[in-house]
Amino acid sequence: MSDEDTWTTVTRLHDWLTAHQTLPPGQEILLRVLKLSEEVGETAQAVIGATGQNPRKGNSHTWEDVEAELCDVVITAMVALRTLTPDASGVFARHLDRVAARSLPAPGEDRTGPR
């Protein structure tokens with residue numbers, strides 16, 4: 001799936017959720033951000049289960065479960081961003097470029113310390 005296809009799918013998910021929204025529009029973004037917290041919690045639960053850190057439950061999850069939960073976090077964040085702006089793909093691309101510019105070395109440059 002291309003980046004364009006990904007963002008088209010995110011917009012379709014956003015539109016579907018919006019069509020089924022029963023709360024006032026101002027609360028829509030708040031609940032989408034809260035949903036992100038829920039998904040992060042599910043990811044933490046999967047990590048605990050994959051490592052067997054809950055003696056009562058043992059190894060209740062796999063690392064594939066963790067991967068799926070991380071994907072849910074990413075999708076939920078993308079939909080929340082799309083809820084804030086119709087230019088979610090552009091906002092994300094520009095932000096990723098800024099993070100890469102301050103964090104990654106230029107080709108041939110060795111940047112090992114903080115910038």
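This is a predicted model: local features need pLDDT of at least 70, side-chain atom pairs count only at pLDDT 80 or more; totals for chains, interfaces and linings use all residues.

Author: Start with E28 and T18: their side chains are joined by a polar contact of 2.8 Å (N or O atoms within 3.5 Å, one able to donate a hydrogen and the other to accept it; sequence neighbours count only through side-chain atoms on both sides). Numbering runs from 1 along each chain as its sequence is written, and side-chain values use heavy atoms, without hydrogens or water.

E28 sits in helix α2 (helices are DSSP runs of H or I, at least four residues, numbered from the N terminus). Its side chain also makes a polar contact with that of R32, again at 2.8 Å. E28 counts as buried because its relative accessibility is 10%, and the cut-off is under 20% with a 1.4 Å probe, protein chains only. Leaving out residues up to four places away in sequence, E28 touches T18, Q21 and T83 (heavy atoms within 4.5 Å).

T83 leads on to α3. T83 is one of the buried residues of α3. Others include V66, E69, V73, T76 and R82. The buried residues of α3 pack against α1 (3–19) and α2 (25–51), and also against α4 (88–103). At the start of α3, a side-chain oxygen of T62 comes within 3.3 Å of the backbone nitrogen of E64. The 22 residues of α3 should span 32 Å at 1.5 Å a residue, and the end C-alpha atoms agree, at 32 Å apart; the expected span takes one less than the number of residues.

Key:
Helices (H or I, at least four residues) and strands (E, at least two) are DSSP runs, numbered from the N terminus. Buried means under 20% relative accessible area, exposed over 50%, partly exposed in between (1.4 Å probe, protein chains only).
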